[in-house]
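Me: I would like to go through this structure strand by strand. Please have a look at it with me.
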Amino acid sequence: MVHKKLLSWVEEIKNLCGPEQVVWCDGSEAEYGRIMNKMVEDGMAVKLNQAKRPNSFLFRSDSSDVARVENRTFISSKNKDEAGPTNNWIAPDELKKTMSDLYRNCMRGRTMFVIPFSMGPIGSPLSKIGIEITDSPYVVVNMRLMTRIGSKVLEALGDAGEFVKCLHSVGAPLEKGQKDSTWPCAPIEKKYISHFPDDRLIWSYGSGYGGNALLGKKCFALRIASVQARDEGWMAEHMLILGITNPEGKKKYFVAAFPSACGKTNLAMLIPKIPGWKVECVGDDIAWMKFGSDGRLYAVNPEAGFFGVAPGTSMGSNPNAMMSISKNSIFTNTALTEDNDVWWEGIGYDAPKGRIIDWTGAEWDRSGKKLAAHPNSRFTASASQCPVIDPEWENPQGVPISAIIFGGRRAGTVPLVYQARSWRHGVFIGSIIGSEVTAAAIGLKAGVRRDPMAMLPFCGYNMGDYFEHWLELGRKRDASKLPSIFCVNWFRKDENGKFIWPGFGDNSRVLKWIFERADGEGQAIDSEIGFIPADRAIDLSGLNIDSKMLKLLFRIDVNEWREEIESIREHYKRFGSRLPKELLEELNLLDKRFSRNK
Ligand code: OXD
Ligand code: MN
């Protein structure tokens, strides 16, 4: 291999970080087995019951390293204004200096792995290559399931191909003879998840967990890719991709964006409750989309695996996810049963008899005072193991998108589903989605946390400009070929605080209406907020829901919307002069429609 730039970067990092040895990952099964076995030997991983869960492993993280760390995540653009009001910013020179000091000899006593990886099918015009340098063997095995890695990527890169530089260290150098911990990492104030969009560069230090460390996922495929997408005229979005087929065999593809913890993985693999309909999964977290020469929008899933939240995943809520993780999987921070299988709250059955080891490695007290699995415990599995993986999921051209769905977790105000009047109105809807937060959960003020397009923690530049990018993409296009845009809310509650809509497989009823609307059919009525399903336009056959509750599900309450409009005005203030005027116009139009109905 004579990719001079790559070789000299690897040499530079080796000199900076001072590892004991350097290993170039070939991505083979044998390599995966070797690294896993070594981690089992070193006590970092537990090999699970081979009969129950073949070739699967459990890891337990340090209790200080259990999730993405948004307050330690930085977008280090040239100036603060480019990072915008929603990102943490440190000047690039200053951040590089601080981090270079941390990186100096930080891999002492460790192996430095070089992982060539492709986001998207190798060689697809929509794909991009990254190289992750890491001192974490846990990262290597996860990257092998989550992306396409190894020699074939180097071949595709050739001797001058472009790549995104992704540098990662757990930030825990080893002195001679020092025993390693089972989950090495640095204390919180030394953790940095840094992005240098102008250099297409990611520097991550101090954390080994999920999106902080598997740099192909949120760091590259969203934060850096969103900047590349802006510059190159495409879209990098926090969206699942699903294919849906009606009983006549007609198929459409939808993408959907929801803030974290709204059940994206469940929707992506849903088993419809309405007879004759079928849903297949292209991806559960990220979509890269580009307009084709036919004027339609095409999407690929840049990832090759699922990194899903375990608690709550069961044969009831998501049988396809459960089957995807029946073998060849990695679990992080779940509980361990006496017969060496995994268990978590909401798995659908009580913890088996015998000793249960909780996610901290201690014996679990069955009184239930503490959770056995961490709420953000995860499974990692290859997408190819999903029983409903879409036959086109690796099509290098992507799949044509007919509908874009936005959603959030709202107890009131937002009806089960409504449709935007236009692309511009759809961008407005995307820009205001959010979920209610309870004060206790994350120490925030209770209320709606707006999470525009579910990209708040993932947009690599000023979100005002990001809205403009969305608007601009629609402006240039033949409106008849643009996907229709919808908003859904599965989480509306009645006056007793109970969810009205059953969700899960019944969400297919809403997908059916969206399918019909995208087909130019499906009955709708014009409301103040957009098109809502006409009476009986949603297929409720076989569902027992009383008409009062149904009404509540679709209620558009003037007072609630007045409050909503005020809250959107507050939200928009954040973006100052970078907020596109079209979005303010859409808000004023909405305001006017409600004023007429005073
Ligand atoms: C995720 C997230 O982990 O969106 O996918 O937080
Ligand atoms: Mn996500």
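Me: How many residues of strand β6 are buried?
Reply: Seven of the seven residues of strand β6 (residues 128–134) are buried, and the strand is mostly covered. Buried means under 20% relative accessible area, exposed over 50%, and partly exposed in between, with a 1.4 Å probe and protein chains only. Strands (E, at least two residues) and helices (H or I, at least four) are DSSP runs, numbered from the N terminus. Please note that this is a predicted model: local features need pLDDT of at least 70, side-chain atom pairs count only at pLDDT 80 or more, and totals for chains, interfaces and linings use all residues. Residues are numbered from 1 along each chain as its sequence is written, chains are lettered from A and ligands numbered from 1 in the order in which they are written, and side-chain values use heavy atoms, with hydrogens and water left out.

Me: Which residues point which way from β6?
Reply: Lys128, Gly130, Glu132 and Thr134 point one way, Ile129, Ile131 and Ile133 point the other way, and all are buried. In a regular strand the side chains alternate between the two faces of the sheet.

Me: In what sense does β6 pair with β5, parallel or antiparallel?
Reply: Strand β5 (residues 111–119) pairs with β6 in the antiparallel sense over seven bridges, and Ile115 stands opposite Glu132. Two strands pair if DSSP finds at least two bridges between them.

Me: And with β8, parallel or antiparallel?
Reply: β6 and strand β8 (residues 164–169) are parallel, with five bridges. There, His168 of β8 is the bridge partner of Thr134.

Me: Changing topic: what is the strand order in the open sheet of five strands?
Reply: The order is β2-β3-β18-β21-β17, and the pairing is mixed. β2 (45–47) and β17 (305–309) stand at the edges with a single partner strand each, so one side of each has no neighbour in the sheet. From one strand to the next, the twist averages 20°. Axes are lines fitted to C-alpha atoms, for helices over the stretch in contact, and angles run from 0 to 180 degrees between N-to-C directions.

Me: Which helix packs on the sheet?
Reply: Helix α5 (residues 137–146) does, touching β3, β17, β18 (330–332) and β21 (378–382). Its direction makes about 115° with that of β17. Contact means heavy atoms within 4.5 Å.

Me: What does Thr380 touch?
Reply: Thr380, in strand β21, touches Asn142, Leu145, Met146, Phe306, Phe307, Ser329 and Ile330, not counting residues up to four places away in sequence. The side chains of Thr380 and Asn142 are joined by a polar contact of 2.7 Å. A polar contact is a pair of N or O atoms within 3.5 Å; within protein, one must be able to donate a hydrogen and the other to accept it, and residues adjacent in sequence count only if both atoms are side-chain atoms.

Me: Is Thr380 buried or exposed?
Reply: Thr380 is buried, with a relative accessible area of 0%.

Me: On to the ligand: which residues are around ligand 1?
Reply: They are Arg68, Lys218, His238, Ser260, Asp285, Arg378 and Phe458, where a residue counts if one of its heavy atoms lies within 4 Å. A polar side-chain atom of Lys218 is 2.9 Å from an oxygen atom of ligand 1. For an N or O atom in the side chain of His238, the distance to an oxygen atom of the ligand is 3.1 Å.
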